[in-house]
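Subject: Structure handover

Hello,

Here is the structure I promised to pass on. Please open it alongside this note.

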Amino acid sequence: MSITSTPLTDRASWKSLEAHYQVIQATHLRDLFAADPARGSRFTAEALGIYLDYSKNRVTDETLGLLIKLAEESGLKAKIDAMFQGEKINITENRAVLHVALRAAPGESIILDGVDVVPEVHAVLDKMASFSDRIRSGEWKGHTGKPIKNIVNIGIGGSDLGPVMAYEALRHYSRRDLVFRFVSNIDGTDFVEATIDLDPEETLFIVASKTFTTLETMTNARSARDWSLASLKDPAAVAKHFVALSTNAEEVTKFGIDTANMFGFWDWVGGRYSMDSAIGLSTMLAIGPDNFRAMLDGFHQVDEHFRTTPLEQNLPVLMGLLAIWYNNFFGAQTVAVLPYEQYLKRFPAYLQQLTMESNGKHVTLGGSEVNYQTGPIYWGEPGTNGQHSFYQLIHQGTKLIPCDFIAFTRALNPIGRHHDLLLANVFAQAEALAFGKTSAEVAAEGTPARLVPHKTFEGNRPSNTIMVDELTPSSLGKLVALYEHSVFTQGAIWDIDSFDQWGVELGKVLAQRIIPELENTEVGSLTHDSSTNLLIERYRSGRTANV
């Protein structure tokens with residue numbers, strides 16, 4: 001895959017979008033809807049049970065046409081094909097990017113360095129399924145002969161955020177007689193609170209670390225081993241109460257885990273794209289192999305949609321292009337993701353890593369400093385909680401915050417009027433953001449003149465509404481893949497590497513230098529900056545004083 005030669009801001013479509021923005025920036029959504037009675041149906045796209053209403057965006061047919069041209073000039077289609085064909089598009093690590101292979105159907109073929117990786121993927125899935133069936137049936141016994149009732153996933157980053165989000169999202173489908181906990185923070189409180197009420201004889205730990213050397217994960221894993229053996233005594237018990245998601249057989253063996261219970265994955269899967277690999281073992285244990293495979297099928301359906309659908313009807317492409325429109329032309333710095341579904345309460349946190357670790361980059365694929373904004377900040381909370389928290393700023397603040405509303409037609413837990421009230425709020429919020437309330441309308445209600453400015457809503461705040469029939473394993477896979485490929489679209493146009501994450505490394509390196517300085521006060525003179533030196537010294541003295 002060749003790197004696009006023309007810099008982004010020199011492309012004809014970019015310059016046309018700059019000129020177009022000057023014309024459209026002051027146009028209000030009220031006027032766009034008034035001028036086009038069919039706008040609410042024309043500016044929509046639907047596929048695979050996902051309905052995307054993007055009519056409440058500050059765009060016209062011309063805007064969309066220019067954005068599509070930008071995608072074409074940026075070589076988006078060729079870059080999509082390069083990813084699916086196993087080309088090493090993660091150029092700084094010389095790696096392919098094949099999370100799409102994790103959900104390829106049996107019999108499909110994806111070739112990497114002359115090897116079809118799909119059979120390898122399904123071999124691991126089959127091994128996971130067999131293990132899950134043994135745990136869920138009670139066939140697998142702990143060291144003292146008791147079945148496993150508690151599963152604790154130990155990981156961090158993509159080895160935690162994906163499994164946590166998927167467990168919470170699919171809790172409706174999970175085994176309620178099994179307890180699931182997740183430990184990621186190196187803060188000892190995280191481990192203590194996760195295990196405080198568990199019985200070691202009935203607890204299984206899943207240690208998720210590709211290298212089995214990740215500082216946070218292995219620190220927590222060693223604490224878990226100590227916690228287990230304090231009760232079980234026999235080191236041989238580790239093999240019955242720990243499994244590994246890793247590729248480092250030597251370190252796994254040293255830890256005491258039987259490599260027969262090591263589930264592998266590949267360097268062509270980035271951590272934030274790995275929830276449907278062996279990293280999803282806790283998800284499979286919770287919802288069962290059949291539901292896990294249904295989730296994979298949902299991913300795969302969107303993969304194929306992204307790969308084959310024309311850009312102007314392509315759901316992830318449209319979402320990615322709209323994100324670029326606001327980020328690069330309107331200067332919007334954030335995107336709010338607002339799922340009106342309590343089970344998706346961890347979805348915004350999951351998207352934070354997916355989007356910001358992928359596209360938080362400041363140089364192009366060729367190594368040149370960018371002269372435009374790249375990845376926006378993603379954030380959010382489930383509705384209706386957010387309405388009583390931060391929506392005030394979205395409605396009447398000084399910042400433009402595009403919003404993604406996510407809603408489901410059918411409730412998994414129908415109680416009285418609850419779901420009707422929930423969905424009424426989705427539609428009302430999107431309507432209020434788009435159209436607002438003019439000062440004349442406020443005054444006509446008899447509002448005192450001094451309060452009119454306070455009660456006026458500017459409107460013209462853009463949003464997408466994503467509607468799905470029901471939250472199922474399949475539809476969760478579709479939603480995640482939708483955002484994965486939107487992220488890809490944005491990165492492809494910004495001409496950045498969306499699949500490395502060098503920005504997380506420097507702090508890790510410095511921490512390794514500081515650790516011995518905290519643990520051993522005999523270490524020679526501190527050589528950091530004056531602030532860091534004083535913080536270290538303050539910690540040392542405070543820790544000593546508390547002993």
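This is a predicted model: local features need pLDDT of at least 70, side-chain atom pairs count only at pLDDT 80 or more; totals for chains, interfaces and linings use all residues.

**The mixed sheet**

Start with the six-stranded sheet. It is open, and its strands are ordered β1-β2-β13-β12-β10-β11. The pairing in this sheet is mixed. Which strands stand at the edges? They are β1 (44-47) and β11 (377-379). Each has a single partner strand, so one side of each has no neighbour in the sheet. On average, neighbouring strands here are turned by 15° against each other, with direction ignored.

β1 runs antiparallel to β2 (residues 50-53), and four bridges join the two. The hairpin of β1 and β2 has two residues between the strands. In that hairpin, L48 takes a positive phi near 60°.

On to the next pairing. β2 and β13 are also joined by four bridges, in the antiparallel sense. Here D53 has T465 of β13 as its bridge partner.

β10 (residues 334-339) pairs with β11 over three bridges. V335 has its bridge partner in β11, namely Y378.

A helix covers part of this sheet. α17 (residues 418-435) lies across β12 (403-408) and β13 (463-468). The helix runs at about 155° to β12.

**The parallel sheet**

There is also an open sheet of five strands, in the order β6-β5-β7-β8-β9. Its pairing is parallel. β6 (179-183) and β9 (262-263) are the edge strands, and each pairs on one side only.

Inside this sheet, look at β5 (residues 150-154) and β7 (residues 203-208). Five bridges pair them in the parallel sense.

α7 (residues 158-169) lies across β5, β6 and β7. Its direction is at about 150° to β6.

**A helix pair**

Two packed helices are described by the angle between their axes and the distance between the axes. For α13 (residues 289-308) and α14 (residues 315-330), the axes come within 8 Å. They cross at roughly 70°. The two helices α13 and α14 are therefore roughly perpendicular to each other.

Which residues meet there? From α13 come V302, H305 and F306. From α14 come L315, P316 and V317. By class, the contact of α13 with α14 has five nonpolar residues, one polar residue and no charged ones.

**One histidine**

Last, H528. This residue lies in the loop between α21 (505-519) and α22 (530-546). Is H528 buried or exposed? It counts as buried, because its relative accessibility is 15% and the cut-off for buried is under 20%.

What does the side chain of H528 join in a polar contact? The partner is the side chain of E517, at 2.7 Å. Leaving aside neighbours within four places in sequence, H528 is in contact with R513, I514, E517, N533 and I536.

Best wishes

Note on methods. Residues are numbered from 1 along each chain as its sequence is written. Side-chain values use heavy atoms; hydrogens and water are left out. Two strands pair if DSSP finds at least two bridges between them. Axes are lines fitted to C-alpha atoms, for helices over the stretch in contact, and angles run from 0 to 180 degrees between N-to-C directions. Contact means heavy atoms within 4.5 Å. Angles under 35 degrees count as roughly parallel, over 145 as roughly antiparallel, 65 to 115 as roughly perpendicular and the rest as oblique. Ala, Val, Leu, Ile, Met, Phe, Trp, Tyr, Cys and Pro count as nonpolar, Asp, Glu, Lys and Arg as charged, and the others, Gly among them, as polar. Buried means under 20% relative accessible area, exposed over 50%, partly exposed in between (1.4 Å probe, protein chains only). A polar contact is a pair of N or O atoms within 3.5 Å; within protein, one must be able to donate a hydrogen and the other to accept it, and residues adjacent in sequence count only if both atoms are side-chain atoms.
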